[in-house]
Amino acid sequence: MLDDIGKIKKIDSKDMAGSIMFLKDQVKSAWEGSKTLQIPESYKSVQNIVVAGMGGSALGPHIVRSVYDIPVPFQIVNEYSLPSFVNENTLVIVSSYSGTTEETLSALQDAIRKKAKIVGIGSGGKLIADLNERGLPFYQFDTKYNPSGNPRLGLGFSIAGVLGILSNLNLVQVTNGQIEEVIYLINKLNSQFDVKTVTRDNVAKQKAEEMLGKIFIVVAGPFLAGNAHAFANQINESAKVFGGYFLLSELDHHLLEGITYPDSLKNVVKFFNFESDLYEERIKTRMQIGNELLDKYGLSHTDYKVKAAKKDLAAFEALTFSSWTSFYMGISNEADPSLIPNVDFFKDQLAKSS
């Protein structure tokens, strides 16, 4: 079925495949747009960073935090309020794809009360309106490169947008050349993973078929932690599959005992490893021993070997792979990967209760 382009287009009603193809364009436009943002000079003296965002709007910052060398503490908040340490020395990045996320709008008001240094990222909505009214800096992106409209498919905006802001403030060292390398790699990977590439030559399609019918557990080492989080989110929303993620080496200190019972785990759970030669040797060893334990208990596992030789490129490789794989899982389940009826129902009910 994954080689039937007509059927894929019929199921994919909002062109999620197009959004995945546009990741490179999201990165390019967000990098160029956020780099030219006028940010007060005083922002360069911040002592810590907090990003406030929910769901897909927080996935990009998770990848940034995992991959890039940032010299001050960097925390991501998925709540209505900010930590007590936030003050005038804190950079608060409020991120909402739609600009209407209630938790993020609440966090913005908290940041204002705490006199933090605030920057926003979004496509519009009340978030951008409030920032504009107060004269606070923001990067507003054009959603044309995300035809599906799903925030989890707009991660190029949030990743490159945050990088551009931090680069402006000398809080991360990223060059135009590095961004060009990322764009080139994404374009190359899209030709390997897109719908026109048949299953026998397409690792993303192969993995999607292999992982059907299971509860899905993503495992990754430290610098791919953000990618593990993003993949788990995509599995839930795009594939409509129950799953989550665990990170090495923390999982070795508790999860390994949790694979013992119930015995039926072997019938319903599948582990997925993001492998990379860039991991520390001890992380590689831990992954190997963990796989041996899974084999001992009859639990199935699979992997994707990230081939890129630089951490930033590896993160974008993993993201491109996971976006396509979760998309194909949804198609294989004959579920429109663009639609999120349960989340939409929940939001509607929540709005009625306010």
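1. Rings of Phe, Tyr and Trp (its six-membered ring) pair if their centres lie within 6.5 Å; planes under 30 degrees apart count as stacked, over 60 as edge-to-face and the rest as tilted.

2. Please keep in mind that this is a predicted model, where local features need pLDDT of at least 70, side-chain atom pairs count only at pLDDT 80 or more, and totals for chains, interfaces and linings use all residues. Residues are numbered from 1 along each chain as its sequence is written, and side-chain values use heavy atoms, with hydrogens and water left out.

3. The whole structure holds 19 aromatic pairs. In one of them, the ring centres of Phe 141 and Phe 157 are 4.4 Å apart with planes at 5°, so this pair is stacked. Phe 141 is buried (under 20% relative accessible area, with exposed over 50% and partly exposed in between, 1.4 Å probe, protein chains only), at 6%. Phe 157 is also buried, at 1%.

4. Now look at Phe 231 and Phe 321, an edge-to-face pair with 6.2 Å between centres and 75° between planes. Phe 231 sits in helix α10 (residues 225-237) and Phe 321 in helix α14 (residues 311-332), so the two are 90 residues apart. Helices (H or I, at least four residues) are DSSP runs, numbered from the N terminus. Phe 231 is buried at 0% relative accessibility, and Phe 321 is buried with 0% as well.

5. Finally, zoom out: 55% of the 354 residues count as buried.
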